[in-house]
Amino acid sequence: MTMREKYEEYIRRQKEMASAPMGRLWTNQESRYIEPFRLFGNVYYVGDSWVCVHLIDTGDGLLLLDAGNCGATAMLIHAIWSLGFNPADVRWVILSHGHLDHFGAAVFMRRMFGSKIYLGEPDAKMFRERPELSLIQENPDVSHGLFEPDEIIRDGDVKRFGNTEIKFYLVPGHTMGAIACFFDVTDGTSVMRAGFFGGLGFNTLGKDYLIEIGDTEYKTRQICLGSIAKVRNEHVDIFLNNHVDNRFKKKLALMRENQGGNPFVDPSTWGEYLDEKRDALIAFMADPKNI
Ligand SMILES: [Zn+2]
């Protein structure tokens, strides 16, 4: 192939990716930059306007809950520095699930700083056996690859990270290795319980997707409803989003108005969020388009 032919091939592929269903999501990650902020006490927000990443200062190293979108690593590193932390102190990266918009910086963090990557066991298996389900092929940047996690997460695990003990559950549905987790956070005065549900998009519950993975009876949807019910009654003072939604945007706007109090401390959000998702999934399942 000549240089010119290689270049034309590159342009062709670029155009193809840009017109793919999710292609437009990968161009100009920087347009999603939002200023990082302290969410509460030792919990900080370092994600963008679409994909959430939380940084927990455990008192003995930093923990990242998710690693941002593929192509957004530089932005994440900038966010960590901006808050006054050194990215080299990130000892652990816990992934909500094995989709490319959440594991972007994971391998970089491991190679550069020796951070340990944690992933739900079924998604580690998915990387090996059904790598296409990671959706990594939707990323036009071929420098990203799949990986073996350093540690796998199983249902019911309790793991300690510095001064923070995290209780994990597997909440299969969006992927089979999606996790929910719960842990105490503190601002030095009060202790609050943070809760995180790692993945509830219905893009992997549509009929074409389920038929392709061999689930012709759409059992995954029932599994997903079961996962929501499994953790619905956990007590959570601080809900940590997996993706940005309108509720998050409102809370952030309120926080930036700085009228006292912390809008992210709200024990009703966890239940409201999961009930909304449950109802939306039931409606999705009843929609003739999805049957
Ligand atoms: Zn996902």
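1. β8 and strand β9 (residues 164-170) pair in the antiparallel sense, over four bridges. Two strands count as paired if DSSP finds at least two bridges between them. Strands are DSSP runs of E, at least two residues; helices are runs of H or I, at least four; both are numbered from the N terminus. Phe161 stands opposite Thr164 in β9.

2. A word on the model. It is predicted: local features need pLDDT of at least 70, side-chain atom pairs count only at pLDDT 80 or more, and totals for chains, interfaces and linings use all residues. Residues are numbered from 1 along each chain as its sequence is written.

3. β8 belongs to an open sheet of five strands, in the order β8-β9-β10-β11-β12, with mixed pairing. β8 (158-161) and β12 (238-240) are the edge strands, and each pairs on one side only. Neighbouring strands here are turned by 25° against each other on average, direction ignored.

4. A second open sheet has seven strands, ordered β1-β2-β3-β4-β5-β6-β7, again with mixed pairing. β1 (37-40) and β7 (151-153) stand at the edges with a single partner strand each, so one side of each has no neighbour in the sheet. The twist averages 25° from one strand to the next.

5. Leu65 stands opposite Ile94 in β5. Helix α3 (residues 106-113) packs on the sheet and touches β5 and β6 (116-120). The direction of α3 makes about 155° with that of β5. Contact means that C-beta atoms, placed from the backbone, lie within 7 Å. Axes are lines fitted to C-alpha atoms, for helices over the stretch in contact; angles run from 0 to 180 degrees between N-to-C directions.

6. Next, a helix pair. The axes of helix α6 (residues 219-231) and helix α8 (residues 269-286) come within 10 Å and cross at roughly 165°. α6 and α8 are therefore roughly antiparallel (angles over 145 degrees count as such). Arg221, Cys224, Leu225 and Ile228 in α6 meet Leu274, Lys277, Arg278, Leu281 and Met285 in α8. These contact residues divide into six nonpolar, no polar and three charged. Ala, Val, Leu, Ile, Met, Phe, Trp, Tyr, Cys and Pro count as nonpolar, Asp, Glu, Lys and Arg as charged, and the others, Gly among them, as polar.

7. Last, helix α7 (residues 246-257). At 1.5 Å a residue, its 12 residues should span 16 Å; the end C-alpha atoms are 17 Å apart, which agrees. The expected span is 1.5 Å times one less than the number of residues. Just after α7, Asn258 takes a positive phi of about 55°.

Methods. Contact = placed C-beta atoms within 7 Å. Parallel < 35°, antiparallel > 145°, perpendicular 65-115°, else oblique.
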